[in-house]
Amino acid sequence: MNYNAVVRTEGDPLNVRATPSGEIVGSLINGTEVEVNGEPVAAGGRNWVSIGTNRWVASEFLSQIPKGDNDSNPTFNSIKGAKIVATQTDEIIAGGLKVYRTELIDVTGKTIDRVRTVSGRVGKQTPSAIPGSQTPIPFGIYTFDRPGAVEAAPGEFGGVWSPVTPTFPTKRGGFGVHYDPSTFKNNSQTGTAGCLATPTIKEREIVSNFIRTYKPTHLIIQND
């Protein structure tokens, strides 16, 4: 049986294996669209489906896309509007925060600008689906609640706030894009409790102006 499906986890990437329950050869972020080929194969207590040559994933983490309903299921490949794509890297700043290479992309697919962003607290840099964990924002696809809106927000939010909502199920919430004025202060508030934040005022202004001008509809968080 062949069909299209979307990766649906609680925030962690979905492992791709060379054989059913076999060696890990890659991973997929939440919201990634895949094409399933053939029938499920049982192994290691799970059902596995093929998404390509020597590429198998656990079927329980896939949500089948009904035919004719693709437009209601946002996936990386189907997002045509302006968007912000943040890729977690191994570069470290501020004593332990991983840098997210963040691209600001317009509706034509052109990258308007690039900035750094951070997420999670120092010492807690592995995304988690656990509420209150203060780890980075989970990998996946989010929608902006009010495209083009940058709200005034005091304190740790650094004066700006644009809320986003995940397109995948997760027990965490309260996600958004803002500026983290504590990034380089090396105190208990260094980093964020789970949002995506710019580390400097200059980068804050670049992102805020992009949101106001281009009105991105989606935020995509992925690993390198």
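This is a predicted model: local features need pLDDT of at least 70, side-chain atom pairs count only at pLDDT 80 or more; totals for chains, interfaces and linings use all residues.

Modeller: Residues are numbered from 1 along each chain as its sequence is written, and side-chain values use heavy atoms, with hydrogens and water left out.

Biologist: Which strands are the edge strands of the open sheet of 8 strands?

Modeller: Two strands count as paired if DSSP finds at least two bridges between them. The sheet has mixed pairing and the order β10-β9-β8-β15-β11-β12-β13-β14. Its edge strands each pair on one side only, and they are β10 (111–117) and β14 (196–198).

Biologist: At what angle does α1 run to β10?

Modeller: Axes are lines fitted to C-alpha atoms, for helices over the stretch in contact (heavy atoms within 4.5 Å). Angles run from 0 to 180 degrees between N-to-C directions. α1 lies across β8, β9, β10, β11, β12, β13 and β14, and its angle to β10 is about 140 degrees.

Biologist: Which residue in the turn between β8 and β9 has a positive phi?

Modeller: β8 and β9 pair in the antiparallel sense over 8 bridges, and V85 has E103 in β9 as its bridge partner. The two strands form a hairpin with 3 residues between them. The residue in this turn with a positive phi, about 55 degrees, is A94.

Biologist: Which residue takes a positive phi in the hairpin of β9 and β10?

Modeller: β9 and β10 are antiparallel, with 6 bridges, and T102 is partnered by V115 in β10. The hairpin has 5 residues between the strands, and the residue with a positive phi near 95 degrees is G109.

Biologist: Which element gives the most to the lining of the largest pocket?

Modeller: A pocket is, on a 1 Å grid over the protein atoms alone, an open set of points where protein lies on both sides within 12 Å along at least five of seven lines; lining residues have an atom within 4 Å of a point. The largest pocket holds about 190 Å³ of space, and of its 13 lining residues the closest to its centre are T9, P13, L14, N15 and F61. With 3 residues, the element that gives the most is β2.

Biologist: Which element supplies the largest share of the lining of the largest cavity?

Modeller: A cavity is a set of grid points where a 1.4 Å probe fits but cannot get out; points are joined across faces, edges and corners, and a volume is the space filled by probe spheres set on them. The largest cavity has a volume of about 50 Å³. Its lining includes S162 and V177, which stand opposite each other, V177 being in β13. The largest share of the lining, 4 residues, comes from α1.
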